[in-house]
Amino acid sequence: MEKEIVIIGGSAAGVTAGITARRHHPDAKITLVRMEDKVLVPCGIPYLFGTVDNPEKNLVPDAILNKNNIDLVIDEVESIDRAGKTVAMKSGKEISYQKLVLATGSLPIVLPLPGIEKKNVFSVKKDIAYLQALSDELDKASDLVVIGGGFIGVEFADECKKKNGDLNVTIVELLPHCLSLACDEEFCLQVEKRLVDRGVNILAGERAEAVVGDDKVEYVKLASGKKLKADVVILGVGVTPNTKLASAAGLKTGEGKAIHVDQYMRTSDKDIFACGDCCEKFSFFDREPLGLRLASIASIEARIVGANLFELKRKNEGAIGVFATAVNGLTVGTVGLTEGAARKAGYDVIAEVASGPDRHPGGMPGCSELHVKLLFEKKNGKLMGGQVWGGVSGGELLNAISAAIASGMRAEEVATFQMGTHPALTASPIAYQLVNAAENAICHIRKQKILMVDDDRDFVRAVKAILTNQPYLVDVAYNRKEAMKKIESEKPDLLLLDIMLDEVDDGFTICRELKSDPEYWSIPILAMSAISREAGIDPGLGDHFKADDFLEKPVKAVDLIEKIRKHL
Ligand SMILES: Cc1cc2nc3c(=O)[nH]c(=O)nc-3n(C[C@H](O)[C@H](O)[C@H](O)COP(=O)(O)OP(=O)(O)OC[C@H]3O[C@@H](n4cnc5c(N)ncnc54)[C@H](O)[C@@H]3O)c2cc1C
């Protein structure tokens with residue numbers, strides 16, 4: 001039977017889900033339904049008001065659907081019949097599916113302020129005609145008020161002022177700085193400086209209270225009493241997941257009223273998947289719900305969906321979150337946690353910076369200063385976040401940092417990572433910011449202490465050699481008495497324990513003693529033995545023993561490091 005896949009949504013998530021599904025299911029019938037005749041690249045919308053003069057230059061090309069043999073239907077899906085496995089459209093047509101993908105995206109939040117319904121108050125809809133109306137009004141305007149200093153508000157303000165230097169542009173932001181939710185303060189200040197250089201007014205720490213005027217907006221009233229003259233108001237205050245269809249179909253919604261999905265991107269109906277702005281997100285770092293909605297996250301989720309439709313092949317590990325913007329020639333971006341967010345979440349972190357030209361020598365054409373801040377967890381040196389400001393090279397650097405975070409790299413590895421450099425393309429190998437920020441952090445990161453308890457001196461030497469370049473301090477105890485003394489006085493971060501110590505059960509005894517005393521419960525025990533499970537005992541995790549993990553001797557370097565990392 002032919003596989004039938006229906007995708008609702010034709011933007012970042014829907015298109016990527018379709019392409020990925022085609023890769024994994026060459027013979028399937030794939031239909032993509034979307035409402036718009038032409039799909040705007042959403043991230044490019046602010047640039048339609050300055051840099052890019054024509055929406056035609058900012059479209060997701062339909063050719064990509066043709067190329068992947070995906071049938072395009074332009075219509076609105078009005079309902080889903082889960083029992084009959086069909087979707088019904090406004091035109092009256094129905095399409096049947098075996099697997100359905102919801103990529104219905106998000107809608108802009110409209111603040112519930114008095115007067116918000118007045119003419120010339122615009123939110124940021126992904127709709128060409130609506131945005132054309134905004135553009136027409138801006139052409140006639142003298143005063144623009146942008147409510148919200150997040151990345152959408154900031155980009156709109158910058159672009160509108162760039163296009164029309166005579167336009168009086170003011171950003172009203174509730175938080176102390178523009179981009180406060182995305183960046184640490186020093187990065188926000190850089191952005192604000194560039195906005196002010198452009199001629200944009202910033203009123204941070206101010207709350208818009210009402211939109212005032214007869215039929216059309218005349219001014220915006222702030223809680224502080226200020227009145228800002230406005231011919232046009234743009235709302236850039238975030239988005240809300242579009243779950244209308246999903247809710248009506250009885251699918252579970254969860255955090256932030258988004259469509260609930262599991263780690264395989266399945267909704268509460270196992271034949272219906274969801275991806276992109278419409279569905280729940282969770283953090284890569286602590287698995288907590290996340291409100292971040294980005295095209296980059298949408299497309300990764302869609303790649304998971306496309307692969308998983310008929311067999312579960314990919315798992316969502318949570319969003320790291322890579323955000324970047326460009327304001328008046330300045331690239332600014334964040335990947336992972338900011339220092340502020342990490343500390344608020346209770347992480348003990350070390351943040352270090354490195355700056356320098358992003359070409360070498362600095363006189364090379366196209367050279368800009370590039371400032372990189374990296375964030376590491378103090379206890380183990382794990383990379384948790386990065387921020388950049390500077391030239392365009394910072395944009396791709398953020399993606400490299402994201403890959404490093406995803407693969408669990410630690411400061412020592414970032415500092416010795418093998419970059420490539422070229423005068424016309426990158427910073428010099430001596431001043432390479434990513435590496436140097438990690439180098440600066442290393443001396444502040446506490447090396448974790450491993451106590452190895454083993455009487456086989458050759459094996460001890462071999463393990464020490466394996467761990468030479470790893471960020472650990474390795475101490476050794478050769479018998480139980482010595483081990484218990486060191487555990488008590490030095491409180492190691494991990495115990496590497498030979499369970500057949502002294503060829504008696506001294507290792508087992510150490511294990512039992514530590515696991516029965518709450519004071520030592522936080523010390524993971526990685527047990528080792530030449531006796532395998534086949535020999536009749538379960539040397540790893542048996543009840544009488546309760547080590548946290550087990551390695552069979554002789555150990556392979558890669559296994560040893562992997563197991564240690566798992567517990568530190
Ligand atoms: C101004 C702006 C700038 C941005 N800049 C960036 C950026 O620089 N980087 C970044 O990563 N992210 C950026 N984002 C966020 C990004 O645009 C979104 O995360 C992304 O668009 C989400 O894609 P999506 O496919 O999930 O949803 P959407 O883009 O919202 O698309 C939803 C699709 O679903 C369709 N649809 C909905 N309901 C139905 C229905 N009932 N029947 C048929 N079709 C339906 C719509 O027609 C549409 O095609 C920006 C967003 C905005 C607004």
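Begin by selecting Gly 10, Val 15, Arg 34, Val 39, Val 60, Pro 61, Asp 62, Ile 64 and Leu 65, the residues that line the largest cavity, where a cavity is a set of points on a 1 Å grid over the protein atoms alone at which a 1.4 Å probe fits but cannot get out, and lining residues have an atom within 4 Å of a point. This is a predicted model, in which local features need pLDDT of at least 70 and side-chain atom pairs count only at pLDDT 80 or more, while totals for chains, interfaces and linings use all residues. Residues are numbered from 1 along each chain as its sequence is written, and side-chain values use heavy atoms, with hydrogens and water left out.

Colouring the lining by residue class gives 6 nonpolar, 1 polar and 2 charged residues, with Asp, Glu, Lys and Arg counted as charged and Gly among the polar ones.

Next, select residues 295-308, which form helix α7, whose 14 residues reach 20 Å from the first C-alpha to the last, close to the 20 Å expected at 1.5 Å a residue; helices here are DSSP runs (H or I, at least four residues), and strands are runs of E of at least two. Of the 14 residues in α7, 10 are buried, meaning under 20% relative accessible area with a 1.4 Å probe and protein chains only; among them are Ile 297, Glu 301 and Asn 308.

Finally, zoom out to the whole chain, which has 15 helices and 30 strands, and in which 51% of the 568 residues count as buried.

Key. 1 Å grid on protein atoms, 1.4 Å probe; cavity = no way out; pocket = protein on both sides within 12 Å on 5 of 7 lines; lining within 4 Å. Buried < 20%, exposed > 50% of the residue type's maximum accessible area, 1.4 Å probe, protein only. Expected span 1.5 Å × (residues − 1).
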